[in-house]
Amino acid sequence: MEHSAADVAAGQSFEESYDTALCLVPPFHLWGPVNVLRSLNDEKVTKWPPHITLVYPFVMPEALPEVAEALSRIHLTPQGDDISINLEEAGVFSHRRRCTVFVKPKSGQEHSRLSELRDRIHRFLGWPKGREYKPHLTVAQSEDSHAAWHQFLLEKARLLTPLTWHTRRLAIMIRDPISPTKATASRPMRLWGYIDLASQSLVRDSATLAEFPHLIADTSLPRPQATFCYDGADMLWKPLSDTLTTTDIESPPLNRLVVASYNVLAEFDWPPSSPRYPTLVGNILAERASADILVLQEVTDQFLSFLLADSSIRSRYSFITHGSPSQPGIAPLPSHLNVVVLSKFPFRWEYLPSTKKHKGFAILTFPTIRTSGTSDSQMVPLILAACHLSKGLTDDALSVKRDEIKKLVEYLDSSFPQQSWIVAGDFNLASSSWTIDDALKKGEISKKGLECLEEIEGFVSKAKLQDAWLTARVGPGESSSTTGNHESNLGFYEGEQGATFDPLSNTIAATSVGVDRSRPQRYDRILVRRCDQLHPHGFNMFGHAMGEKEDTSQGHASDHWGIRCLLMLKPQNPDASTPFDSNLQVKLHQAALTLGSFEQLKASLISSGQFPTPVEADSRKEAIAILQRALLEEDSAADNETRSQVQLVVIPVGSFGLGVWTSLSDIDCLCVGNISTRTFFSLAVQKLKKASTNGVRILRRVMANTGTMLELEIRGIKFDLQYCAAAAIAQGYPDVLKRPSSDPIFTLPLQTLAKLKPARDLFYLRRSIPDMTKYRVAHLFIKAWAQSRGLYAAKFGLLGGIHITSMLVPVCKALANEPAASSTADILTSFFYHYSRLNWTIELVFDPFYHHGLKYHRTFREPLCLLGWHGPSLNTASNASISTVNALTAEFTRAADLLSQKDMTWSKFLGLESSEAPSRLIEKGAADFLASYRTYIKISARYWGSSQQKGRKYLGWLESRCISILVDISRKVASLTPRIWPARFADEEPASGLGDDNSELNACYLIGLKWDDSFTDKSMTSLTAAEGSLRVITQEFESRIQKSEKYFDAEHCWVNVSVTRRSGLGSIQLASGQLYDYDAADSDLDEDTDSESEELNEVEDEAYFFKKESRTSKTGLSKSSSEATKQPGAGKLRSAIDVLNRIRWDAGMDSGDYVVGYEDRFIGAQEKALDLWRTEQTDEEFIPQHRILYFKRKSDGVIVWDRRSRVDTIFGSG
């Protein structure tokens, strides 16, 4: 037969053609692993199936029937009809511009048989033998044979081997006919027929041809992929059966789902190193990383093989997108930087190519995880998209990222319009404002790049994808930020909060970016479709270090931190309250361009002294470290045994803890421990005295509203140190402060809760404020504005740090949920506009993201409601008066008007030029105050005694009493609007011996008076009545001051209260020593407005010191030891129980006409009929006496007894 076939071909000339080929094609079950690698690395994947070329080019298409028929009749394999193929080695062909990577058989018998087969065919065709035949199966192309990526490709080719099969067929391939839309060279090859070597026949029946798999027609279209499941019996990863991932599977009820994402950092040098692998696996298995679904980026073959060899990983995650590359029969990963998803639940998935070849998306469908999605009834499978966007901060790179995001959201919207979506991965989007501004300055990006960033935000917003980090943070709080880390770092910029790529604390990240770009970025994100049932309820980071003690001696495992989100099932209740059901509807008001950038805003604060310097920050951190060492370090080995059970933690709270301190701020510290208050202060005094060589000095002991407080000075920095006895809190610190208020661990006495409140508020705020840098700068600016406008002095019932926090935090959180990102300038502008339109008298200011469904009962005694976070007392502005509300209304209206003016700058807004000193803030504001009123109440005071400390105590107490005159005017002379300026004025130049203990102290306080705009009756009679009432109020105030035996010594003190015209003030000016010199009343988060102090320097004996310690009631009101020696009725307020019993049992008083005002632990001030008041402790409705605030007569609304203002018309005490 061979002879006759040769005769057929003899004398014929067959023209070569690249439209046909003769190949050896592996069986179809081997295509999967090969095509996984080819899909991203072989440009011919859409044109050729996996194959070994025998003859190419082959014959012209028109000659194919004749030649194929003739070849089929030739006995081409004399050694046997079965061709054995065993591809065992990887190799490479080097071309002029690139290389071809392939797998091949070893040199030997198989290689020789294939060469002989090819030679016979060539002889039949009458063609020369040609160059040496090298049978191979191409898997990839490489650009540079010297690059590390080339070596990685070769390794992937090795992982494919061995590829073994037996065949008796030669595949004849032919190009598709020419298409009008395709060039000749781009037409794919399809199967034309087989030459069956065993039957020596040509096979071309339609059934056989139909079995041949289709090539990948378009690499831009989604491609179904195999899901792998671990078989514990065989200890192998196996492709998951399709029947296990259909929608017919019964899905268990779902109420929570945990999703995590972690960029594990690929190795880019060859050969790859693996010392980080154990740490990476440890991070993934850590409790803080435990998840139901884990998305990994930058996964390599080497790391995935190491990861899946861990038995704990295999037991935790049974399903995965890619099997172990080291397991025979499983394909290597298609790229060097791969996205791999591990799951506890079965899924099916597809690969969605992106605009760049190696940056596609894994789209997973979870048939057993079902939610209602956007539908109210139908339960549909959950969809998760895993991503790793392209890197770079150039116009072109941002354009690519925009296209990537656009393609993803468009595909999800078109393919899964009714389903719940989760998008997780590394977005590679620069978030630091410094980085973006620097790129602009260097010309690396232009306005086009900024537009791409805005478009990306627009695509995400339009798709209703919410950032899980942000959503969880503004609500329950981010649980990874318990200790604050470096959140108070003064050098931080906008957009660096929650950074997952942090060169400042991650050594690997610092190495990868170099010095010029070493700014933190929040690259990694988890997005959840906003309208879905799944709602972000918790968020944390992981991978910071190995071990509970955060021992970084082994180095970090990756340049990224991992992120994890807890998703809870929201109830399908249309009436369920949301954070935006409250009246706090904040609208975004974008700042005018003239106001300048973040850097200019920050620079204006720095130049005016309102922003601390790094040197000041370091000094305070060092002072805190000294205090901690002094209190926590054990003295000697002898003490160790007795003190081994003592647990103490020192927590900086207040303005320093929140990062909103200035150079004038004190540092508030709360020490929490498991010993009694008496024991703590006994130990503390001893230890602090021993630390005097380190610059520690005890100034005095103060009885504050929340209990005993030590005032300290450490290297020139003032400290307020308080103690709270709470053993469980000290033991569980700091994680215990992440627990919700309902946790049983907070079932503590009221006084203990009051002491813990600053720390609990602080820890929640640090975990929940969207961007601490924006917040910090905005807070400091608002504080500077409040100081310049005479609004910053909580002891006068005006604003303090906690009040600014209560107002600013809801604005920051509301704007963070806007589709467009808000700058610090936007936050400030929106803040002033929002509160300029607020009706203070009826509206509450609170954080709706924390207080869900809040029902707060506002009493008539609360003209201003600025609600904080934790109990026992919610209203932080309980000391405010109607005068406060009037001042806020006027100043916020003025601020909004200023911001609407053209060419406004922040310096102009404050009334300063950038070069002016910080003191000019108050001076210019005071000048405006003196020019705004025609009539003033002038309170003049003097002290000429021998003790400067007693003089400051007298003036400080007088300042704390000034609010009562404002209250009296608002109540008794409604036609007048009073406003106090919270500063000391002086009638004359201060004496030269101001610092001398024997020098005289002078102070003057001014209250401006205006007629209320709504007051229309300005007849002589009305004016005379108002003046008379005003005269009585001033006389009564002066009398009350003079009657205080504790503070007013007639031999050394003098006070005068008068009403005067502006002209009568003369050349009055601000005093050099202001309010803050007395007792640092501006402790920003927990201000003590009426503290009674004892001077520590007068006490030498420590036993006597503690003998003087007085009992403090749970409401924070205390009696000093000096009061205990007073005669009954001489200024001592009768107790609430005395008043209660008098009203109940006095026959001349109707108990039914009285109500009791009391403090509810959770919702604030409340009222209750006196007859319903229960005094038996066993009664379910029992309320402790210390929570009684006042007694009021219902018939005329008169307060007959008030604890705070010390009013008592029942007994005449107070």
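Colleague: Which residue forms a salt bridge with Lys738?

Modeller: This is a predicted model, in which local features need pLDDT of at least 70 and side-chain atom pairs count only at pLDDT 80 or more, while totals for chains, interfaces and linings use all residues. Side-chain values use heavy atoms, with hydrogens and water left out, and residues are numbered from 1 along each chain as its sequence is written. A salt bridge here is a side-chain nitrogen of Lys or Arg within 4 Å of a carboxyl oxygen of Asp or Glu. With the closest N and O atoms 3.6 Å apart, the partner of Lys738 is Asp735.

Colleague: Is Asp735 buried, partly exposed or exposed?

Modeller: Buried means under 20% relative accessible area and exposed over 50%, with partly exposed in between (1.4 Å probe, protein chains only). Lys738, at 22% relative accessibility, counts as partly exposed. Because its own relative accessibility is 43%, Asp735 counts as partly exposed.

Colleague: How many residues apart are Glu959 and Lys795?

Modeller: Glu959 and Lys795 form a salt bridge whose closest N and O atoms are 3.0 Å apart. Helices (H or I, at least four residues) and strands (E, at least two) are DSSP runs, numbered from the N terminus. The pair links distant parts of the chain, since Glu959 lies in helix H28 (residues 948-972) and Lys795 in the loop between helix H22 (772-788) and helix H23 (801-816), and their separation is 164 residues.

Colleague: Which strand holds Glu1159, the partner of Arg1204?

Modeller: Arg1204 and Glu1159 form a salt bridge, with the closest N and O atoms 3.6 Å apart. Arg1204 sits in the loop between strand E42 (1199-1202) and strand E43 (1207-1208), 45 residues from Glu1159, which belongs to strand E39.

Colleague: Why is strand E26 largely enclosed by the rest of the structure?

Modeller: Two strands pair if DSSP finds at least two bridges between them. Strand E15 (residues 256-263) runs antiparallel to E26 and is joined to it by six bridges, while strand E25 (residues 534-542) pairs with E26 in the antiparallel sense over eight bridges. The strand is largely enclosed because, of its eight residues (562-569), the number buried is six.
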